[in-house]
Amino acid sequence: MWSDNEADVDLLGFDFLVDELMVPLTRPKLLPLTVGLLGEWGSGKSSLLKIVAARLDAERPADGGRYVVVPFSPWQFEGYDDIKVALMDAVLNRLQAEAASNASAAEEIGFLRRFINRLRRPAVFAGRAALAGVGPAAQLAATHYQPALAPLAQAVVQQAAIVSSAALDRAEQQTPPEDAGPAAGDDVLADVASFRSRFESLVETLEGVTAVIVLVDDLDRCLPGTIVDTFEGIRVFLHTKKTAYVIAAHPQVVEAAIDRFYPTTDRAGATGLGAEYLEKMLQVKITIPVLSVPEAETYMQLLLAQLHLEGSDFATVLNDVAQRRAHSVLAVSLNPGLAADSLGRDRMPSALFTDMGWAGSIAPLLGAALRGNPRQLKRFMNSVIMRRGSAQRRGTDLDAAVLAKLMVLEEQYLTDFQRLFDWQVRGGGGTVAELAAAERHALSAAFVRPAPARGQRRASTAPGRSGDRVEETGPAEESLPLDPEVATWAAQPHIERWLRLEPVLGGIDLGPYFTYARAKLTVTATAARLPAALQGLLVQLQSEIVAVRRTAVRSVAETVMAEDLPLLMEQLLARVLRDPGSDAWDGAVEVAEKVPGAVAAVCHTLGRIPLDGIPRAKVPSAVRRLPQARQEVTALLDGWQNSGHAVGQIVAGLRTPRGSV
């Protein structure tokens, strides 16, 4: 298995991003500088920072000096009195190590430490008068040192005014220490200017130091106040010559936090200051791209190579992958055949060949479903290995290829995975006849090369080829007509692609695999991560306000792509199962009314709810809104109506006669 922590080996092919960071950080004329390394959670920001730190440590500038790198995570200091103090402490601690043989520099660091000690607990030593002046002083400092922040100065003043009277009372009872520095009435702005000037001189006088580079990680995990304080600590105190700062963060998360910290209700038509704030704070922005499907497959294969190969063999494979990536990022740069070419056919471990086979099969669908998120890809592969290992401890051997294919469905489309389980239970266990029929239907247009037997090797594919192994060299195989329920399920685009993945599952007893997925089958949940836009729609679809819900339904019909619809409906229908009386029921049937692709999933979910659990008040919305021309709707309503239950009586009284519109 693989650690979920940041990596110091580039498996993602992000060396070009490392170079993009190194260029501005190593240009003295650009300093001081704040760089934004922007990407979604799990996109590889922390790993990139770690690789950049190592590169900076090894870099030798033209002036013969060195780069002093300071890693800093504000998230680890979330409970700190003042995050600005924590940041300044981290920088001074690192500089103290550089000044070990420089007495004057060490003395200067001591002075700066005494200054920040006064900042550590201003309410203890400053008294009521000083606290009352913090707001205006902050406004002056912001305007003087960062004119672009002038529009935000008033918000800073407002924040400073929200100070607990109890804390002020306690502050008045304290006695300042002898080395506390200026008294409460001294000019805060002058103190800030003095600190900046002396900090700048300190960095200038450190022998052999070309620049101090602070790498700030995990900012997007912090509370809004911590995020703003981190930026203020950089800009007000530390943004001086020969310094650079790299802020690794999810931009939308940081923008939302700043919007919350600086409310803009007094600005007509304003949407928040977050984007504007980031624009002014970051002089350079470097965005981490989403992995393409070929890049995702290469990453998965490299993870497996790292797992199975020792140092020199893995280094050989990684080097060859880097060379292929240099020619094209749009092609798969590692698969079983390419690995064998790198290592030599006699040195290719059979376990690696087998694992690469199943990873290559599921990579196209999994990479698209997880939107190329490296952390999610790694976690999925860890889940496969962990579940297989758990089964082995109990004497059960789960075929890795079968397990991986099923887990794609389980992790990304739980409703469809539940459907397989329902079919298996209905059939008394063992193989799933409906799945076998669906696979024959999906594969009937071409002959699919069968999966190799254990120990047998598949002919290597050409570089860049991945996904379905299809040979259109023969006539289409005739298949029997499908049951309507199976046909509807198999016609979903994501299911059609999944059915074509190797291996074919129709003749396999899936019982043991369902056993190790029972937590998901008994508690309806999903591991799929919705993007922010779909999360917003999900909330609106469950709104008790009809107008909000209907607007969300229109957005689903007009803007949600076909491949995203199952993920959205999965979450919505999970809520319906947990609480049929909620407004999620209304949202689901309203979506089914307007979006044909949602009808099957909605009907299947409603059909799983016990009749006694169906709220009577919800039945009319299903009868009136579900499109009765669809076979799934007819089957659902017929089942209710013929049940002899009170629900059936309601359906009979409301149902539109057959043949009418």
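**A loop and the sheet beside it**

Reply: Asp218 lies in the loop between strand 3 and helix 10 (224-238). The model is a predicted one, in which local features need pLDDT of at least 70 and side-chain atom pairs count only at pLDDT 80 or more, while totals for chains, interfaces and linings use all residues. Residues are numbered from 1 along each chain as its sequence is written, and side-chain values use heavy atoms, with hydrogens and water left out. Helices (H or I, at least four residues) and strands (E, at least two) are DSSP runs, numbered from the N terminus.

The phi of Asp218 is near 65 degrees, which is positive in a residue other than glycine. Most residues other than glycine have a negative phi, and most peptide bonds are trans. Asp218 counts as buried because its relative accessibility is 12%; buried means under 20% relative accessible area, exposed over 50%, and partly exposed in between (1.4 Å probe, protein chains only). Lys242, in the loop between helix 10 and strand 4, also has a positive phi of about 65 degrees although it is not a glycine. With 19% relative accessibility, Lys242 counts as buried. Cys222 is buried at a relative accessible area of 9%. A search of the whole structure finds zero disulfides, a disulfide being a pair of cysteine sulfur atoms within 2.5 Å.

The strands named here belong to an open sheet of five, in the order 2-3-4-1-5, with parallel pairing. Strand 2 (66-72) and strand 5 (284-287) stand at its edges with a single partner strand each, so one side of each has no neighbour in the sheet. Neighbouring strands are turned by 20 degrees against each other on average, direction ignored; axes are lines fitted to C-alpha atoms, for helices over the stretch in contact, and angles run from 0 to 180 degrees between N-to-C directions. Two strands pair if DSSP finds at least two bridges between them. Strand 3 (residues 209-216) and strand 4 (residues 243-249) have five bridges and pair in the parallel sense. Within this pair, Val214 has Tyr245 of strand 4 as its bridge partner. Helix 2 (residues 45-58) packs on the sheet, where it touches strand 1 (33-38), strand 2, strand 3 and strand 4, and its direction makes about 155 degrees with that of strand 2. Contact here means heavy atoms within 4.5 Å.

Two further places bear on strand 1 and on helix 11 (residues 251-261). Pro32 sits in the loop between helix 1 (15-25) and strand 1, and the peptide bond from Leu31 to Pro32 is cis, with omega near 0 degrees. Gln252 is in helix 11 and is partly exposed, at a relative accessible area of 49%. The C-alpha atoms of Gln252 and Gly39 are 9.2 Å apart in space, although the two residues are 213 residues apart in sequence.

Leaving aside residues up to four places away in sequence, Glu108 touches Arg198 and Leu202. The side chains of Glu108 and Arg198 are joined by a polar contact of 2.6 Å. A polar contact is a pair of N or O atoms within 3.5 Å; within protein, one must be able to donate a hydrogen and the other to accept it, and residues adjacent in sequence count only if both atoms are side-chain atoms.
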